[in-house]
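Student: Could you walk me through this structure with a few questions and answers?
Tutor: Happy to, let's look at it together.

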Amino acid sequence: YKQANISEEVYWQALKLGGLWVKAAQHTGARPDFMPTPVINVLSRLQDQVPATPYGEIACLINKELNEMERSNSKSATRQARTVDDVFSYFDPIPIAAASIGQVHVARLREC
């Protein structure tokens, strides 16, 4: 009982912290030779049930990356900021897959 409760806390904290923490919990949940069954039962849910990052966070991250790329590729510091809508004619806000360190969205680049 105590192992399951602690495992639930680890599960939720890994999801809260994201990325590498989810990956570490996934790895731990896949090791029945190393962890007791109650821990495996909880952490193994991370193998195929990682929730998606909300679209708002994804759009902010993409916008930041686009603008960092622009700054590093441009000699002019006066370029206007680029957004997801500037680069993509379509970007589905609902991912088709989510994992510990990434997720996949259907998108279409604008014509040059």
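By class, the lining of the largest pocket holds 10 nonpolar, six polar and one charged residues; here Ala, Val, Leu, Ile, Met, Phe, Trp, Tyr, Cys and Pro count as nonpolar, Asp, Glu, Lys and Arg as charged, and the others, Gly among them, as polar. This is a predicted model, in which local features need pLDDT of at least 70 and side-chain atom pairs count only at pLDDT 80 or more, while totals for chains, interfaces and linings use all residues. Residues are numbered from 1 along each chain as its sequence is written, and side-chain values use heavy atoms, leaving out hydrogens and water.

Student: Which helix gives the largest share of the lining of the largest pocket?
Tutor: Helices here are DSSP runs (H or I, at least four residues) and strands are E runs of at least two, numbered from the N terminus. Three lining residues, the largest share, come from helix α4 (residues 55–73).

Student: Is isoleucine 96 buried or exposed?
Tutor: Isoleucine 96 sits in the loop between β1 (88–91) and β2 (97–98). Buried means under 20% relative accessible area, exposed over 50%, and partly exposed in between (1.4 Å probe, protein chains only). Because its relative accessibility is 59%, isoleucine 96 counts as exposed.

Student: Which residues does isoleucine 96 contact, leaving aside neighbours within four places in sequence?
Tutor: Contact means heavy atoms within 4.5 Å. With those neighbours left aside, isoleucine 96 is in contact with Val104 and Val106.
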